[in-house]
Amino acid sequence: MAKDNSTDASNRASGAGDADTQFGFQAEVARLLQIMVHSVYSEREIFLRELISNGADACDRLRYAAITSPGLLSHDPDLRLTLSVDAQARTLSIADNGIGMSRAELIANLGTIARSGTRAFLEAAEKKGGGELSAIGQFGVGFYSAFMVADRVDVLSRKAGSKSVHLWRSDGMNGFDLTKAPKEQAGSLARGTIVTLHLKDDALDYLKEEELARIVRAYSDHIPFRIDFLSRHDGKEERRQLNTASALWTRPKSEISEDQYKEFYHHAGGLFDTPALTIHYKAEGRHDYNVLLFVPTMAPFDLYDPSRAGRVRLYVRRVFITDDADILPGYLRFMRGVIDSQDIPLNISREMLQKNPIAAAIRKAVTNRVLSEIKALADKDKEKFEALWTSFGAVLKEGLYEDMERRDALFEIARFQTSKGEGWRSLADYVADLRPGQTAIYYLAGDSIDQLRGSPQLEGFAARGLEVLLLADPVDNFWVTTALGFDGKPFQSITQGSVDLSAIPLLEEKAKKKKAAEETAPEDAKLVERLKSLFADELSDVRVSSRLVDSPACLVAPEGGPDRGLGKFLENRPGGGSVSPILEINPSHSLVRALAAEGKGEGKGKASSDFDDLAWLLLDQARILEGAAPGDPARFAERMNKFVLGGLK
Ligand code: ADP
């Protein structure tokens, strides 16, 4: 950890410019910088987008702060960014007159504290061999991309309203120094931040005005502040505006190109894929507001962060208020973009926003609109929609138990893997294919789709041509047990209670097999009794199954409690109790027949031990098929080897 061996007091005592202090980079930041410094990434021009984006955020934040402290803006109300070059010194500067950074903020933001995205970025960059550096902004570490093109970076900053100006300097290798800026330099900066890049030998193109203009147009045209190029001719300053600088979301759709939407999404969303869906409209009536929202294509790295924080930016009459107001419900936290209200009071605090009735009305209307647009995509472009569902379905399903009001709307867009085969199925598809006599929507919940597909519990359903929803997202356990049903059909777990499938006829081939099995039935009662007493500590019951066709046994949950999927989920949580399951056996299976034959020996000597060992194998096998471990793995292996070796002789 870096050590700061100066104090503000000692700086003040010794005057501006001296009392240098040196800081080491935090370990992960140092690794990240290594990647930047040695990067041979071809699209490194994105550094400019990142620095401009930071400058624009700083202007947004100042404008917000000025709502309550107008004095902060008064000397220089015209917020803007300024690019300038010094060809001789080979430097490019990016200046903003935004909020600026104090000494402590410079230390915290630029190098000594790893942000949550630092590690995630390192993992992504190391996995992809550095090929994905363009996504750096997503991880909240965009500043460091400056070191792709510069071998030294100076950051001069004056926090709005502050008397002191500080200078941060680094070569990206060993750490940074932080000093009070020399008087003259301090005098040149009334407010905000100037980032000066000492360009590498191979990055001198970024001294050219036209090259900078091209990059600004390509990535930053939509930035709602002016971005100027400042040149000096014969001692005179000249400004040329490089971007359009209007708030994109207030412009009519017809004037906006795909590319402009995409750039804006990159800036406002901090994500660098192509949005799967763009929703742009103006609401007028009781409340007036502009909405420009995007559904990303790929899941952002922090999608499952416990904070469930949203990232939609809230503006009031074009003034940025916050991007953490959770203006949309948690299950839409993957949405990016802007909502700009005409009516919310400008001086509202972030806390008050939660209770503001206009914000609540906007939340309601925009949520409905987003769901209906997603539904429209499902109807219009199946492939695109399914990609969206693959990325965000598990998050949208959170709405099924959080948002009763929109449960039906969410059921309409929800897609499922089912026992019918690969590919997504809607509940409407499911209900359209009900078998005669089928009155419930069957489901099987567990940890992974592959494991669920191999579950013995499915067999009796497959034998009757009954489709079963396979639910493998943790959130499924919650909604499926609270939802009343869909289209009048209740959801029913196939691993809970006794399932009566007798009303539904077997498909032909399976019917024959079942008939043959029934002929041996009388011995089974005895076998069941013996298993019950053997497993009295493990199981709550043993019974003959109507679920099984090909497998010898499976576990199910007793009636009334959680089903097997939810039961196992709860068991794994701290303080979660366990419910003893029921073992169901398939009397037509040869293993069960062998067990019944063994049982006739009436439990003395060798016969007894064979019976017990075989019975334990049957139970452990049922556990393994659920994705659990055998009760005692060593004994399991021993028993299995005994029978395998017996068979080999
Ligand atoms: P991000 O901008 O995504 O948060 P960065 O690494 O680009 O990540 O910047 C880190 C932080 O440094 C920012 O969140 C901001 O607080 C601060 N910062 C960077 N540039 C500026 C600037 N020009 N003005 C004010 N603060 C800045």
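**Strand pairing, nonpolar cores and salt bridges**

In strand β18 (residues 468–471), L470 stands opposite Q417, where strands are DSSP E runs of at least two residues and helices are H or I runs of at least four, both numbered from the N terminus. The model is a predicted one, in which local features need pLDDT of at least 70 and side-chain atom pairs count only at pLDDT 80 or more, while totals for chains, interfaces and linings use all residues. Residues are numbered from 1 along each chain as its sequence is written, and side-chain values use heavy atoms, with hydrogens and water left out.

Strand β18 pairs in the antiparallel sense with β15 (residues 415–418) over two bridges, pairing being assigned if DSSP finds at least two bridges between two strands. With β17 (residues 441–445), by contrast, β18 pairs in the parallel sense over four bridges, and A445 stands opposite L471 in β18. Strands β15 and β16 run antiparallel and are joined by three bridges, with G421 in β16 as the bridge partner of T418.

The chain is divided into domain 1 (9–241), domain 2 (248–384), domain 3 (386–493) and domain 4 (519–648), with bounds that come from an automatic or database domain assignment. The centres of domain 2 and domain 3, taken over C-alpha atoms, are separated by 29 Å, and the contact between them takes 26 residues from domain 2 and 19 residues from domain 3.

In soluble globular proteins, nonpolar side chains tend to be buried together. The largest nonpolar core has 76 residues, and those with the most contacts inside it are L293, M335, V366, Y442, W479 and F491; such a core is a set of buried Ala, Val, Leu, Ile, Met, Phe, Trp, Tyr and Cys residues joined through side-chain atoms within 4.5 Å. Helix α10 (residues 357–380) gives the most to this core, with nine residues, and at least three residues are drawn from each of domain 2 and domain 3. A second, separate core of 68 residues includes L110, F147, V153 and W168.

G460, in helix α16 (residues 459–463), is buried, with a relative accessible area of 0%. Leaving aside neighbours within four places in sequence, G460 is in contact with L501, S546, R547, L548 and V549. The C-alpha atoms of G460 and D550 are separated by 8.8 Å, although these residues lie 90 residues apart along the chain.

Side chains of opposite charge can pair when their charged atoms come close. The structure holds 49 salt bridges, each defined by a side-chain nitrogen of Lys or Arg within 4 Å of a carboxyl oxygen of Asp or Glu. In one of them, E412 and K375 have their closest N and O atoms 3.9 Å apart; this pair links distant parts of the chain, with E412 in helix α13 (residues 407–413) and K375 in helix α10, 37 residues apart. Both are partly exposed, E412 at 46% relative accessibility and K375 at 25%. The side chains of R635 and E638 also meet in a salt bridge, at 2.7 Å from N to O, and are separated by about one helical turn because they lie three residues apart in helix α23 (residues 633–648). R635 is partly exposed at 33%, as is E638 at 49%. Salt bridges that share partners join D57, D60, R63 and R313 into one network. A further salt bridge brings together the side chains of R169 and D177 (3.7 Å, N to O), and R169 is partly exposed, with a relative accessible area of 28%.

Note on methods:
Buried means under 20% relative accessible area, exposed over 50%, partly exposed in between (1.4 Å probe, protein chains only). Contact means heavy atoms within 4.5 Å.
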